[in-house]
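This briefing walks through one protein structure, going from overall figures to cores, a helix pair and individual residues. Please keep the structure open while reading.

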Amino acid sequence: MKAGHSAVARFLAVLRELGADGNSAPVHGERLCAALIQVLPVDEAALVLALPENRWEVLGSSGVIAAHLADAEAVVGEGPGPAAHLAGTPIRVPDFANVMAAGRWPLLAQWDRLPQTLESICSIPLRLGAIKVGFLDLVGADRVLGGVQSYTDALQVADVITTVLLAALSPPVRAGGRDIDGLALGPWWEQSVSAREIHQATGMVAVQLDSSAAVAYARLVGHAFVSGATLSETAAAVVARRLRFPPDHHHDPNPVP
C-alpha cells in the first residue's frame with residue numbers, strides 16, 4: 001500500500017470504528033472531524049458547508065479553537081476557509097497572527113470571539129469538479145504545512161470527505177431537501193444542534209421582519225457581529241424567544257423580558 005493511500009485507509013477505518021462510513025447515514029460532521037484529527041498531524045479541525053446566498057453552515061468541529069474560528073468565518077464570510085472555497089485551492093497560513101496584522105481579512109479581525117491562540121492553519125476547499133461543497137479548516141497544522149507527505153495526506157482525506165458529503169446528497173426534488181450550491185440535502189445529512197437553531201432562528205426572524213430568509217440571516221449575522229455573541233448564541237436566543245427582531249431596520253433587536 002502506498003503511503004499516500006494509507007492515510008485514506010486509516011481515515012475510513014477510524015470512521016468505521018466511530019460507527020460510520022461513506023455509506024452510512026446520516027453524516028455526522030463531528031464524527032468526520034474526530035476521525036480526521038486521529039489520522040492527520042493537526043490539533044483541531046472544522047467542517048463548514050457553503051449554502052446559497054453567501055451563507056455558511058458549520059457542519060461539525062473537533063476542538064474549541066477550530067469551532068470558534070469556523071463560527072467567525074461563517075458570520076463574517078472572511079478567513080482562510082472562505083478564501084479557499086472561493087479560490088478553489090488550499091490556503092496555507094503558517095502564522096495567523098502575522099496575516100491578521102497585515103490586514104488580509106479586516107472583518108474577521110474585528111470579530112471579538114476570534115481565538116487569540118491561533119497559529120498555523122491550512123484551509124482546504126471541499127469540491128468535486130465544479131461542485132463546491134465548503135471547506136475544511138485544519139488548526140495547529142505546522143506538520144501539514146511543512147511536510148509534503150502530510151500535506152498530500154490532508155488533500156486526499158479532504159477528497160474523501162467531499163465524496164462522503166456528496167454521497168449524502170438527495171435528488172433536488174426530494175421533499176424536505178435543503179439547497180446547497182444548487183443541490184439539495186436529504187434527511188441523512190445531520191445538522192449540529194447549533195446549525196438547526198440557526199435555520200430555525202432564520203425562519204423566525206424572517207416572520208418577524210416579513211422578509212426573505214436571506215435578509216433574516218443577514219440580520220442575525222449583523223446582530224452577532226455587533227453584540228460579540230456567536231451566531232449560534234444569537235440563534236439560540238431567538239429560538240428561546242429571548243431576542244426578537246423588530247420590522248424597523250433602524251432599531252436593534254429587542255431582548256424579550
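The points below are grouped by topic.

The model is predicted, and its secondary structure amounts to eleven helices and ten strands. The protein has 257 residues, of which 52% are buried.

**Overall figures**
- When contacts between residues at least 6 apart in sequence are considered, 59% of them join residues at least 24 apart.

- In soluble globular proteins, nonpolar side chains tend to be buried together.
- The largest nonpolar core in this model holds 44 residues, and the members that touch the most others are Phe-96, Trp-105, Leu-108, Leu-114, Leu-231 and Val-238.
- Helix 3, covering residues 64-76, gives the most to this core, contributing seven residues.
- Setting aside residues up to four places away in sequence, Leu-231 touches Asp-71, Val-75, Ile-198, Tyr-217, Leu-220, Val-221 and Ala-224.

**The pair formed by helix 10 and helix 11**
- Two packed helices are described by the angle between their axes and the distance between the axes.
- The axes of helix 10 (residues 213-227) and helix 11 (residues 231-239) come within 9 Å and cross at roughly 115 degrees, and the crossing is right-handed.
- On the side of helix 10, the contact is made by Tyr-217, Leu-220, Val-221, His-223 and Ala-224, while helix 11 supplies Leu-231, Thr-234 and Val-238.
- By class, the residues of this contact between helix 10 and helix 11 comprise six nonpolar, two polar and no charged.

**Thr-202 in helix 9**
- Thr-202 belongs to helix 9, which spans residues 193-209, and Thr-202 counts as buried because its relative accessibility is 6%, against a cut-off of under 20%.
- Apart from neighbours within four places in sequence, Thr-202 is in contact with Ala-213, Ala-216, Tyr-217 and Leu-220.

- Most residues other than glycine have a negative phi.
- Asp-210, which is not a glycine, has a positive phi of about 55 degrees; Asp-210 lies in the loop between helix 9 and helix 10 and is exposed, with a relative accessible area of 72%.
- Arg-241, also not a glycine, has a positive phi of about 60 degrees; Arg-241 sits in the loop between helix 11 and strand 9 (243-244) and is exposed at a relative accessible area of 61%.

How values were computed:
Residues numbered from 1 in each chain as written. Predicted model: local features only at pLDDT ≥ 70, side-chain atom pairs only at ≥ 80, totals over all residues. Heavy atoms only, no water. Helix = DSSP H or I, 4+ residues; strand = E, 2+ residues; numbered from the N terminus. Buried < 20%, exposed > 50% of the residue type's maximum accessible area, 1.4 Å probe, protein only. Contact = heavy atoms within 4.5 Å. Core = buried A, V, L, I, M, F, W, Y, C linked by side-chain atoms within 4.5 Å. Axes fitted to C-alpha atoms, helices over the stretch in contact; angles between N-to-C directions. Left-handed = near helix turned anticlockwise from the far one by under 90°. Nonpolar A, V, L, I, M, F, W, Y, C, P; charged D, E, K, R; others polar.
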